[in-house]
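Hi there,

Here is the structure I said I would pass on to you.

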Amino acid sequence: MELILVASKNLHPKEFIGKLRIRGNEITEVIFEPNIRYKFNTSSIFFHMNPIDPSIKGCVHSHPDGEIKPTIEDLNIFFFGKANIIVIPPYSFSSVACYTREGKKLPLIIYRD
Ligand SMILES: [Zn+2]
């Protein structure tokens with residue numbers, strides 16, 4: 001989660017985007033794609049250019065505008081799999097929310113060392 005927050009903060013005001021590897025109910029890895037286009041409000045990820053990986057079951061992206069809720073585009077196009085995380089400024093552990101692909105909020109427990 002620290003990696004997500006730092007990456008989102010460093011890209012602000014552009015939108016951070018990444019994919020999530022999920023095993024069981026645990027997010028085990030954040031995957032950065034080499035071909036992501038980070039933009040203002042509309043970062044793009046090209047799923048069709050990647051090998052099929054059934055362990056990729058979610059995504060994470062930032063909303064630099066500070067809106068913690070999913071947009072219509074998130075629900076119609078972007079959200080998939082088991083968990084979809086949105087992070088907002090100030091990119092702290094309390095500015096994170098997790099949703100199903102249908103937009104229902106999920107509990108998110110962050111384990112810290
Ligand atoms: Zn969004």
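Let's start with a pair of strands: β4 and β5 run antiparallel to each other, joined over 4 bridges. One of the pairs to look for is N84, whose bridge partner in β5 is Y99. Before you go further, keep in mind that this is a predicted model.

Now follow Y99 to the next strand along. Y99 also has a bridge partner in β6, namely K105. Strand β5 covers residues 96-99, and its pairing with β6 is antiparallel too, over 2 bridges.

If pairing is new to you, here is the background: strands of a sheet pair through backbone hydrogen bonds, and they can do so in a parallel or an antiparallel way.

Zooming out, these strands belong to an open sheet of 6 strands with mixed pairing, in the order β2-β1-β3-β4-β5-β6. Which strands stand at the edges? They are β2 (26-31) and β6 (105-106); each has a single partner strand, so one side of each has no neighbour in the sheet.

**The whole protein**

The protein has 2 helices and 6 strands. Of the 113 residues, 25% count as buried. If you take the contacts with a separation of 6 or more, 57% of them come from residues 24 or more positions apart.

**Helix α1**

Next, find α1, residues 2-11. This helix lies across β2, β3 (56-62) and β4 (83-87), at about 45° to β4. Which residues of α1 are buried? They are I4, A7 and S8. Looking down the axis of α1, you would see these buried residues within an arc of 100°, so they line one face of the helix. They pack against β2, β3 and β4. Turn to the face pointing away from the buried side and you will find E2, V6 and N10, which are exposed.

**The core**

The largest nonpolar core has 17 residues, and L20, V60, A83, I85 and V87 are the ones with the most contacts inside it. At least two residues each come from α1, β1 (17-23), β3, β4 and β5. Which of them gives the most? That is β4, with 4 residues.

Leaving out residues up to four places away in sequence, V87 touches I4, L5, S8, V60, S62, S95 and V96.

**Some loops worth a look**

A bit of background first: most peptide bonds are trans, and most residues other than glycine have a negative phi. With that in mind, check these spots:

- H12 and P13 are joined by a cis peptide bond, with omega about 10°. P13 sits in the loop between α1 and β1.
- The bond from P89 to P90 is cis as well, with omega near 10°. You will find P90 in the loop between β4 and β5.
- Y91 is in the loop between β4 and β5. Its phi is positive, about 60°, although Y91 is not a glycine.

Is Y91 buried or exposed? Y91 has 21 C-beta neighbours inside 10 Å, and the cut-off for buried is 20 or more, so Y91 counts as buried.

Compare that with I68, in the loop between β3 and α2 (72-78). I68 has 13 other C-beta atoms within 10 Å, so it is partly exposed. Apart from residues up to four places away in sequence, I68 touches H63, I86, I88 and A97. I68 and P90 are 22 residues apart along the chain, and their C-alpha atoms are separated by 12 Å.

Cheers

Key. Residues are numbered from 1 along each chain as its sequence is written. This is a predicted model: local features need pLDDT of at least 70, side-chain atom pairs count only at pLDDT 80 or more; totals for chains, interfaces and linings use all residues. Two strands pair if DSSP finds at least two bridges between them. Two residues are in contact if their C-beta atoms, placed from the backbone, lie within 7 Å. Axes are lines fitted to C-alpha atoms, for helices over the stretch in contact, and angles run from 0 to 180 degrees between N-to-C directions. A residue is buried if 20 or more other C-beta atoms lie within 10 Å of its own, exposed if 12 or fewer, and partly exposed in between; C-beta atoms are placed from the backbone. A nonpolar core is a set of buried Ala, Val, Leu, Ile, Met, Phe, Trp, Tyr and Cys residues joined through C-beta atoms within 7 Å. The arc is that of the directions from the helix axis to the C-beta atoms.
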